[in-house]
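Trainee: Could we go through this structure together? I'd like to know what stands behind each term.

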Amino acid sequence: MADAGSVHPVPVVAGALSALLAGTGQLYAGQRKRGIAYLATEAAFVLALFTVLRGPLRGLITLMPTGRFVDSRHILIVGILAGFVVLAYACFHVANIADAVRTASRVQAVRRPGAIVQSASTIRRQAGVLGGANLAPYLYIAPSLVSAFFIIIVPLVFGISLAFTNYNLYHCPPAGRFDWVGLANFVKLLKPGSTWRGQLDMVLAWNVTYAALGTVLAFAAGMGLALALQTHGLRFRRVFRMILMLPWAVPATVSIMVFLGLFNTSFGPINVLLRSLGHRGVPWFQDRFWARTSVLMTHVWISTPFNMSIVSAALQSIPEEVYEAARVDGASRWQVFSKMTFPLLMSVVSPIALLTLAGNFNNFGIIYLLTGGGPAVAGSKGAGATDILMTWVYNLGFQQLQWSTASALAVLVFIFVVVFSMINFRLSGVLSQLKQEE
Amino acid sequence: MSIVATQRRRLGTRGRAVEMIFVYLVLALACAIVLYPLLWVIACSFRVSSGLISSSLIPSRPTIANYRRILTDPNVNFARWFFNTIKVSALSSAGALAITTPSAYAFSRMRFAGRRLVLISFMISQMFPSFMAIVALYTLLGWIGLIDSHLGLILLYTGGAIPFSIWLLKGYFDSVPRSMEESAMIDGATKFQAFTKVLLPLARPILYVVGLINFIGPYAEYVLAQSVITSGSRWTVAMGMRSLTMSSQFATDWPVFSATSVLTAIPIVIVFLSAEKYIVSGLTQGAVK
């Protein structure tokens, strides 16, 4: 027999050996080729760690300019890439330990007295390449994974990292360089009583109001119209529906800029009309209340068709018998709606309603293009009356070059939205469905 | 038939007439609110540029001068913007579709280590404010020399479309029964052939939907476009329109802006309304099951 390892390998020992040095557990179990392959990979990684990866990893820790990279942003990105290589290797190492345990127990099982004698090649075949993993799915997802890695994951990790640096106007590459500052940005933003905290509270309050009101109003409008379109014997249903879908069909950027003209205080038709009625016109973008109102009006105009479609689809999923049963029992139309239609509807659409709520929390486009966050608030350090967190973050970054503060805020927004969405997914069962599929 | 029942029925028909009138009123009002901004901007696009804009929907002296100007004036190079936009959107959409379709197949039909992790990571990455990525994307694009290029912008749109497209495609693939692929494979087809020859033709509606959504998304996108593209000759329509609204001549240029709005919106409105059934069901399928 070609295998030279222990005759009765103990899985735990194999695992421990491989944990110390990849491949040794497999060698101990007598799987020579497999062991050498793991060992060689580990050797290559250790070699890389002291050569190619060394500079980037040190750069990640110190952010100090090295020979090849001077710009702090470049140092950080290269460092993050090296960090991912280490992470990938850590995963490989864990897989190697699991493989050693698995290999050892297989060998042990077939060599037990009385077991059917199997050749080493059978054991190898059973174990398969890389511990039985099939490579095909990874080939299918590789293009997506690679693109998403460079275009989504690395930039996001970079963005999160900036929250822990002092990247601002005074530490701005390529001329300057930035450093790690730990949690300083978060402390600055969250410390009670500070100017930043005051701003954050003001912006957050409006942000929550905007998301909640925007979602509820658009949903109510969408539901009302969906119910109206469902009315028995309604004529021109298709025409009504097509017209009501138009705000969804027109690209939002175009609609928002059209509303910019519509609300314009000097030439906008709303104010022209009001003036012709003897009113002196509404200061749409100059007054806090009216600016917020204009944002919400635009939001409802744009988002209603989406809600209408969702409710229409949900209404069609409610079986007709439910209504008939209620009617036979002598329920009034209001009773049917409040006791039957509405609860059934909400059970179907509440996951998407909550998801839109989370989306509206970061609904950047309308406010950025319509009011730009304005009007300015007296005594504020940049946040305007209609600024939500994201538009504030955007201005902090692009206009004031306060990238570190902006990133810290964005991280806070992210945590908020993820927690909210996770609760929502748990409630709606998306995650358990994924688990069931496996 | 008892008198009470007849009475109730008569009351019912009267109540029903009132209800119908109410429904028509609500729908008419909603249609008016929807149509007014759109008709107003169409009316403006046929108006003389004078700085005096009326709120009426019928221009007193209709003119096509604004359309002529945006198609000929080199300062408002709409034809160029439009061509750039179509190019960027079409290539981004095609790229996203090519990359994500095989992946969604793997996520729907195969079980492998890391599957759930990747799907959930994709979902979580969507919750991250995309703004956070801009600095890094800008730096990365600068490194490979793709700042101020359409290719750079296309890469960003394609990459950004991946998570959402995969979820949408996977959801649809899940709803297609596997039996047809299985019988094809019994007849000797490989897994890849079962995917391209059996599943993809069945999934044609969702392929259109994902293609369209990824076309419409970049079509009027502004924030990423303006952080990547700088040269006026490479502007997209959204950037061109934004430059008009930022101009000090905003009021005077409003009719010109209106003309660009109309020309920008028309193709998308036509595409959207003609494929509405598919787009709406594609987007709401996960929501209403």
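Trainee: What makes a residue of chain A count as buried, and what share of the 438 residues does?

Mentor: A residue is buried if 20 or more other C-beta atoms, placed from the backbone, lie within 10 Å of its own. By that rule, 40% of the residues of chain A are buried. Bear in mind that this is a predicted model, where local features need pLDDT of at least 70 and side-chain atom pairs 80 or more, while totals for chains, interfaces and linings use all residues. Residues are numbered from 1 along each chain, and chains are lettered from A in the order in which they are written.

Trainee: Which domains does chain A have, and how far apart are their C-alpha centres?

Mentor: Domain 1 covers 11-162 and domain 2 covers 189-437, with bounds from an automatic or database domain assignment. Their C-alpha centres lie 46 Å apart.

Trainee: What makes residues of chain B count as in contact with chain A, and how many do?

Mentor: Two residues are in contact if their C-beta atoms, placed from the backbone, lie within 7 Å. On that basis, 70 residues of chain B touch 77 residues of chain A.

Technical notes: Buried ≥ 20, exposed ≤ 12 C-beta atoms within 10 Å, placed from the backbone.
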